[in-house]
Amino acid sequence: MTKNVPVLPVILLVDDEPDLLSGLKRSFAKRLPDVKVVTASDGRKALDILAQQNIAVVLMDIMMSDMDGLETLDRIHNTLPKQTVVLMTGYGTIELAVNAIRRGAWDFVTKPLELDALTRILKKGLERSELLNENKNLRKKICSSGAVPEFIGQSATMQRLYETIQTSADSDYTTLIRGASGTGKELCARAIHNLSKRSAKPFVMVNCPAIPENLLESELFGYRKGAFTGADKNHIGLFAQADGGTICLDEIGDIPVNLQIKLLRVLQEQEIKPLGAETSSTVDVRIIASTNANLEQKIVEGTFRDDLFYRLEVLSLHMPSLVDIAEDIPLLANHFLKTAGSELNSSEKSFSETAMTPLLEHNWPGNIRELQNVIRRAVLFCPGPVIEKKHLVLGQSFPLSSSATPLEMDTIIRPYKAAKGECVDSFTRQYVHALLKESKGNISYAARLSQLTRAALQKILRRYDIDNDQYR
Ligand SMILES: Nc1ncnc2c1ncn2[C@@H]1O[C@H](COP(=O)(O)OP(=O)(O)OP(=O)(O)O)[C@@H](O)[C@H]1O
Ligand SMILES: [Mg+2]
């Protein structure tokens with residue numbers, strides 16, 4: 001029988017004084033017998049060790065030649081944002097240590113070291129790491145059981161997606177979520193936030209194309225009173241609202257190039273400058289961006305900056321199309337049957353034996369959202385308890401009624417230009433109304449159905465003052 005050998009937690013000591021390293025190592029062997037101690041004589045070696053093995057606590061000197069403790073701390077947290085790091089500092093450098101705590105160090109001790117106090121701090125640090133690890137394992141378990149909140153699907157592709165979502169949630173890296181319309185990009189952004197250490201802080205979703213171009217900058221970064229005519233009080237931007245949490249820039253491909261430059265600065269400096277403000281202020285916001293556009297193509301066309309693209313795509317996540325996870329269709333369909341049932345307050349329904357066949361054969365251009373809508377309609381139109389093939393209306397072309405542009409006689413007899421304008425207005429309103437009804441207010445899907453670009457559709461909505469959210 002094999003016996004489970006317990007894995008000892010590891011403390012990494014980092015200092016460029018070899019005597020201190022060996023002295024501490026000896027002391028810890030006595031004071032912390034259930035801990036393994038490894039040492040590194042500079043920041044770079046420490047980073048190498050951290051890349052190769054799990055370290056429970058890093059105990060590191062601030063003053064080191066070459067790369068100092070603060071820079072090393074930043075680099076550690078770039079890849080391991082939750083790593084427990086205790087810094088050692090001389091008496092004269094307490095201010096530095098306080099600064100280090102602000103930058104994410106977990107605690108600090110002063111030199112000359114007082115071994116009892118140091119041991120107590122390290123024990124607490126070990127406890128913290130253990131707790132974080134337990135949390136992480138728990139979340140991993142939740143993910144691998146396919147239960148990333150609200151995500152349905154057990155195919156291998158979805159399992160891989162859950163793993164990537166978890167990896168993204170464990171880090172603070174900017175993440176680009178790509179995928180066709182209705183594949184669950186927004187759901188994914190929310191899941192990453194909810195599984196991350198920022199979950200208790202705000203999650204702000206920005207539908208970039210829905211905000212008029214001239215307002216996008218002030219909406220994102222805010223403005224000061226008097227910044228422009230009509231700015232009668234300070235306005236907090238969406239980045240500041242998301243401070244401590246996550247902002248998701250939905251349909252990032254649609255933001256104008258001049259704003260892309262400003263966004264790049266936020267990504268580089270983690271600073272925002274409200275319109276009319278003299279100085280920038282720091283924000284702690286994790287950025288997620290999503291798009292169904294071909295950004296590489298946009299880069300070639302000159303409408304998307306490549307430097308922004310590379311900054312956004314530190315981690316990238318691809319949402320599978322529904323046809324690529326066809327084996328999950330029955331699971332998803334049954335899930336939407338339940339949710340539609342409670343949305344519509346209808347009695348419990350089930351699918352007939354043959355009902356699943358057309359769902360499995362359809363090509364789902366609107367992906368999961370389209371499936372959800374097909375099931376909603378079926379629940380609505382099926383009077384009995386069993387949903388049959390005939391209740392599942394698939395691949396419907398856009399229904400435009402023949403009376404969409406009623407040409408009344410009195411309209412015709414008016415001057416041509418005015419009459420035409422009225423007809424076009426009336427047609428557009430009815431068209432957009434039916435389009436948004438069909439797409440449940442989803443702009444990407446509506447753009448696809450109408451074969452308009454999202455930007456063109458947004459322009460029409462603004463011109464006619466139509467709010468797509470009312471159709472959701
Ligand atoms: N795996 C899934 N399990 C359950 N529901 C899902 C899943 N994926 C997507 N959905 C649901 O499908 C709908 C569309 O998802 P979402 O809005 O996240 O897609 P999207 O990719 O952002 O779409 P668009 O590009 O049109 O904005 C939502 O109601 C969402 O809850
Ligand atoms: Mg979306």
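Helix α2 crosses helix α3 in a right-handed sense. The model is predicted. Helix α2 covers residues 43–52 and helix α3 covers residues 69–79; their axes lie 10 Å apart and pack at an angle of about 20 degrees. An angle under 35 degrees counts as roughly parallel, so α2 is roughly parallel to α3.

Which residues of α2 and α3 meet? From α2 come Gly43, Ala46, Leu47 and Leu50. From α3 come Glu71, Thr72, Arg75 and Ile76. Sorted by class, this contact holds 4 nonpolar, 2 polar and 2 charged residues.

Aspartate 66 sits in the loop between β3 (57–61) and α3. Is aspartate 66 buried or exposed? Within 10 Å there are 11 other C-beta atoms. The cut-off for an exposed residue is 12 or fewer, so aspartate 66 is exposed.

Leaving aside residues up to four places away in sequence, aspartate 66 touches Asp42 and Gly43. Glycine 43 is 23 residues from aspartate 66 along the chain, yet their C-alpha atoms are separated by 8.0 Å. Gly43 is also one of the α2 residues that meet α3.

**Helices α6 and α7**

Helix α6 spans residues 156–170, and its axis comes within 8 Å of that of α7. The two axes cross at roughly 50 degrees. That angle falls between the roughly parallel range, under 35 degrees, and the roughly perpendicular range, 65 to 115 degrees; α6 is therefore oblique to α7. The crossing is right-handed.

Ile165, Gln166, Ser168 and Ala169 are the α6 residues in this contact. They meet Cys188, Ala191, Ile192 and Leu195 of α7. The contact divides into 6 nonpolar residues, 2 polar and no charged.

**Around ligand 1**

The shell around ligand 1 has 20 residues, and Ile152, Gly184, Lys185, Glu186 and Ser444 come nearest. Which elements give two or more residues to this shell? They are α7 (185–195), α15 (367–381) and α18 (443–450). By class, the shell has 6 nonpolar, 10 polar and 4 charged residues.

**Backbone exceptions**

Most residues other than glycine have a negative phi, and most peptide bonds are trans. Three places in this model depart from that pattern.

The peptide bond from lysine 111 to proline 112 is cis, with omega near 0 degrees. Proline 112 belongs to the loop between β5 (107–110) and α5 (115–144).

Glutamate 251 has a positive phi, near 55 degrees, and is not a glycine. Its loop runs between β10 (246–250) and α10 (257–269). Glutamine 270 also has a positive phi, near 55 degrees. Glutamine 270 lies in the loop between α10 and β11 (271–272).

How do their surroundings read? Glutamate 251 has 22 other C-beta atoms within 10 Å, where 20 or more count as buried, so glutamate 251 is buried. Glutamine 270 has 14 within 10 Å, which lies between the cut-offs of 12 and 20, so glutamine 270 is partly exposed.

**Leucine 359**

Leucine 359 is part of helix α14, residues 356–361. With 22 other C-beta atoms within 10 Å, leucine 359 is buried. What does leucine 359 touch, not counting residues up to four places away in sequence? The answer is Ile329, Ala333 and Leu392. Valine 374 is 15 residues from leucine 359 in sequence, and the C-alpha atoms of the two are 9.4 Å apart.

The table gathers the residues whose surroundings were described above.

| Residue | Other C-beta atoms within 10 Å | Class |
|---|---|---|
| Aspartate 66 | 11 atoms | exposed |
| Glutamate 251 | 22 atoms | buried |
| Glutamine 270 | 14 atoms | partly exposed |
| Leucine 359 | 22 atoms | buried |

**The whole protein**

The protein has 19 helices and 16 strands. It has 472 residues, and buried residues make up 32% of them. Take the contacts between residues at least 6 apart in sequence: 69% of these join residues at least 24 apart.

Technical notes: Residues are numbered from 1 along each chain as its sequence is written. Chains are lettered from A and ligands numbered from 1 in the order in which they are written. This is a predicted model: local features need pLDDT of at least 70, side-chain atom pairs count only at pLDDT 80 or more; totals for chains, interfaces and linings use all residues. A residue is near a molecule or strand if its C-beta atom, placed from the backbone, lies within 6 Å of it. Helices (H or I, at least four residues) and strands (E, at least two) are DSSP runs, numbered from the N terminus. Ala, Val, Leu, Ile, Met, Phe, Trp, Tyr, Cys and Pro count as nonpolar, Asp, Glu, Lys and Arg as charged, and the others, Gly among them, as polar. Axes are lines fitted to C-alpha atoms, for helices over the stretch in contact, and angles run from 0 to 180 degrees between N-to-C directions. Angles under 35 degrees count as roughly parallel, over 145 as roughly antiparallel, 65 to 115 as roughly perpendicular and the rest as oblique. A crossing is left-handed if the near helix is turned anticlockwise from the far one by less than a right angle, and right-handed if clockwise. Two residues are in contact if their C-beta atoms, placed from the backbone, lie within 7 Å.
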